[in-house]
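The sequence and the model come next.

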Amino acid sequence: MRELKIGVSSVRGVVGQAFHPRLIIDFACAFGTWVDGQPVVIGSDTRRSSPMVRSAVVSGLMATGCRVLDLGVASTPLVSFAIRELGCAGGICITGGHNDSEWNALKFVGADGCLLNSARSEELFDIYHARGFRLEGSIGAVTSFREPGLVDAYLDYLFSSVDRDAIRRSRLKLAVDFCGGSLGPIADRFSAGIGHPVLAVNADPVPVFPHPPEPRPEHMGQLARAVGDAGADLGAALNVDGDRLALVDHRGQARSEELTLPLAVLCRFRRRPGPVVVNCSTAGSAEEMAARWSQPVFRSPVGESFVMEKAMEEGAVVAGEGSGGVAVLPWAATFDALQTLILIAETMASEQASLADLLSTIPARSMHKGAWRCPPNLAYRAVEQFPAAFSGAAVEAVDGVRLVWEDRWVHARVSRTEPVLRVIVEGQSREAADELFTRSRTVVEELLKESGEESL
Amino acid sequence: MKSPPLKIGVSGIRGIAGSALTPQIVSSFAAAFGTWCGQGEVVLGSDTRPSRDMVCAAVEAGLISVGCSPVRIGIVPVPTLQHHIRIRSAVGGVCVTASHNPLEWNALKLCGPEGVALRPEQFARLLDLYHQDVFPRVGFDHLGEVRIDGEAIDGHLAKVRSSVDLDRIVRRRFKVAVDCCNGAAAVAAPRFLESLGCEVVAIHSDPYQPFPRNPEPLRQHLAELCRTVRDRGVDAGFALDADADRLALVDENGEALGEECTFAMVLRHVLARDPGPVVVNLSTSRMSELIAAECGGFVHRTPVGEVHVVQRMIEVGARIGGEGNGGVIVPAVNPCRDSFVAMALVLESMARQELPLSRLREQLPRLHMLKERIPASPRTIASFLALMRRLYRNETLDLSDGVKVSWPDRWIHVRSSLTEPILRVVAEADTPEKVRHLLDSVMDYLRPLAPPE
């Protein structure tokens, strides 16, 4: 299987296979052509292959005449902020995000700081496929842009969305697991921002991650122990590129990443209730939370660019996904784990509540997530078979297939970032969720067996 | 307007940066080169052209992807890079420089682990890898990594200093002028000369400005240096090309000696103490043979191109070699044309003989040389050369690189340029009248074949 995924707003692949310098340069040339040679911001995560990818990106952008402002190691939200702050035409984030170490990716950001939506991505990919690059003009330049002032301006901007003094007065004890990722280098400035040191775990950038980079309870053992040992009030596990967040409570209990979004809704609504946007795979608790304030929830296809596009359309105050990626609007143009953390810390400080207290108000749900390796043609066929395999459900076809009952749902779709079939189920009880999940697995197993493929 | 195409040849891969020399082609070529070298360190440096960062980034990406680690040494003279390959025990080196091509051009000059440009058969293998376009890309945990090394220039200059009689040079406290052509020479030449105890007047020494003159150090391009020498009353003027592999001299009277004198003067100085075999290319002045006859030594001739000269030097064990265009090669210091070696040896000669440059020039045989260039396509070049072979079929011919016709008192050499679509014609004789007559008679035959300009 060719390990390459060209999806809306990003191109991802396994380094050494399909994701090689020539392909990367072609995409960088396409992006440089798309912004017509105007200035572009780039930032990289800390993974081993990022310097190679960066070199390829720089050469492609320069060849199409762009001035490249290289932030060095920088999170996706920081790149987004820098584009807006410096008035650039766009940006490229070099980060495999939640993918494992062998992957890397380019994420394309527009002048508004948002990942390219599907229409703009199509313009970009048209240029790429036609190889119609802007190579006849003068060569651009590259500048290393590592101003500490930029990071401070970014943090000030985040803190302007909350009552910073409340956080400072509370002397809330925070432990943060940076997973050796892009936000580690700004740990000290973040500590300065909240007025006292955070307990930093895995803050040093490392080329190979200390644990799988997706923030989910099974990867949060180290953080949970650190919280317990230090007696911290709150533990925060950040994604490598700073867009996803999952939490550990003061008892050292790692909590599901699915809870981050409904919690953010709760915290954001204290100040300003408003529309919420989530993707089709996100827990139903978002609707229940919003319903308490009589606010609507809009569902978009899975993927940050779809969620944010819908959020802009609907004037949402919170948008996000069950994976722990949350944008607090109107400040953020991308999912931003640090801003989400600041919002939750503010609420804990102002209400003098523990994380466990806050989470106890969120309706309990039981979910299962499957990521099943499956040849691409079979993955799409499997999705098509879901409606017939279940009965009595309303069928939504926003992104793959979502089958909804009164008290439970199942969502099956082909991943945009990995060669897998994703199936997510939710029920009000553990047994209900188990049953949906087992049934889903059987659907896929049977198809694989018919086609002579190995079982899951 | 359609831009000129890519030119791929032994002396490198070159074209207008961006439109012909695209980052895609550069990264693939670098991946092919990394494959040819094998995994290890590859030294990477550049001249001062505005496209250098773009081309270097593409080279880095290609090298890293096949498991090589680029060692960035920044803006450096070409001989510095070649010297540093051996110092780091690197598996190869890439210099991003288009030498004397116009500013919007760029090129990759590729060197093997000995610090020598690739030989034609090595280059052929590299080209084969490039054309097959399948590179052994490594997984993320075997990728190369970028290393940064700021020691290359100091190491190179120290090595050159250690090869000459430093005390004697320093004691003379020479006053010299140097024209760096705003090239990579500017980052090293003035301080090198100061470290030899010289008082230095540097002109065109800002590497971030465009070239102020044609970068070839030919007599007609050196008016400003000659004026500086006269106005400032210095002992010697040194003119370098932009990548600092070639040197031309201006004497204390402000007379440009002509680039052919550089090698001849250094050769006489070296052979006087250390007779032995000498290697020069076919277009180099016959002064070499006359000096070798006087001091002891035998002259071997090779096709034009640094790589050919160096290769023959290794074969015959020559301790000195060079080219008439101002290139001096002393393999014990650096197996390539090195203007720093040349400057040090000229100063050593002045110090040892206690004579001014004009007097050293007088010691050299008096010969007269003329050079011409005719624009030509690859097809017309073939017909030019066929005509030459026919015209002079009864004379003494050397056909190893174009056509060279020799008589006891004169010779003429017609060949295709390695870097430009032109035909180069060089003639030399013992009197000005003879050389003019020889050149004119050949040009009369060739000109009618040239396409209208």
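## Sheets and helix pairs

In strand E15 of chain B, Val328(B) is the bridge partner of Gly322(B). This is a predicted model, in which local features need pLDDT of at least 70, side-chain atom pairs count only at pLDDT 80 or more, and totals for chains, interfaces and linings use all residues. Residues are numbered from 1 along each chain as its sequence is written, chains are lettered from A and ligands numbered from 1 in the order in which they are written, and side-chain values use heavy atoms, with hydrogens and water left out. Helices (H or I, at least four residues) and strands (E, at least two) are DSSP runs, numbered from the N terminus.

**Two sheets in chain B**

Strand E14 (residues 320-323) of chain B is joined to E15(B) by three bridges, in the antiparallel sense. Two strands pair if DSSP finds at least two bridges between them. Both strands belong to an open sheet of four strands with mixed pairing, in the order E13-E12-E14-E15 (chain B). Strand E13 (299-302) and strand E15 (327-329) of chain B each have a single partner strand, so one side of each is left without a neighbour in the sheet. From one strand to the next, the twist averages 20°. Angles run from 0 to 180 degrees between N-to-C directions, and axes are lines fitted to C-alpha atoms, for helices over the stretch in contact. Helix H11 (residues 306-316) of chain B lies across strand E12 (278-281), E13, E14 and E15 of chain B, and runs at about 140° to E13(B).

Another open sheet of four strands in chain B has the order E9-E8-E10-E11, also with mixed pairing. Its edge strands, strand E9 (199-203) and strand E11 (247-250) of chain B, pair on one side only. Here the twist averages 25° from one strand to the next. Strand E10 (residues 236-240) of chain B runs antiparallel to E11(B), and four bridges join them. Within this pair, Phe238(B) has Leu249(B) of E11(B) as its bridge partner. Helix H12 (residues 339-353) of chain B packs on the sheet and touches E8, E10 and E11 of chain B, its direction making about 165° with that of E10(B). Contact means heavy atoms within 4.5 Å. Helix H8 (residues 223-232) of chain B lies across strand E8 (175-179), E9, E10 and E11 of chain B, at about 160° to E8(B).

Buried means under 20% relative accessible area, exposed over 50%, and partly exposed in between (1.4 Å probe, protein chains only).

| Partner of E8(A) | Bridges |
|---|---|
| Strand E10 (residues 234-238) of chain A | four bridges |
| Strand E9 (residues 199-201) of chain A | three bridges |

Ala175(A) stands opposite Gly235(A) in E10(A), and Val176(A) stands opposite Ala200(A) in E9(A). Ala200(A) is 12 residues from Asp188(A) in sequence and 9.0 Å from Asp188(A) in space, C-alpha to C-alpha. Asp188(A) is in helix H7 (residues 187-194) of chain A, and counts as exposed because its relative accessibility is 65%.

**Helices of chain A**

The axes of helix H5 (residues 148-159) of chain A and H7(A) come within 10 Å and cross at roughly 40°. That angle makes H5(A) oblique to H7(A). Angles under 35 degrees count as roughly parallel, over 145 as roughly antiparallel, 65 to 115 as roughly perpendicular and the rest as oblique. On the H5(A) side, Pro148(A), Val151(A), Asp152(A), Leu155(A) and Phe159(A) meet Arg189(A), Phe190(A), Gly193(A) and Ile194(A) in H7(A).

Helix H1 (residues 21-34) and helix H2 (residues 50-63) of chain A also pack at an angle of about 40°, with their axes 7 Å apart. H1(A) is therefore oblique to H2(A). Residues making the contact include Pro21(A) and Ile24(A) of H1(A) and Met52(A) and Val53(A) of H2(A).

In helix H11 (residues 304-314) of chain A, the buried residues include Phe306(A), Val307(A) and Met308(A). H11(A) is followed by Gly315(A), whose phi is positive, near 60°.
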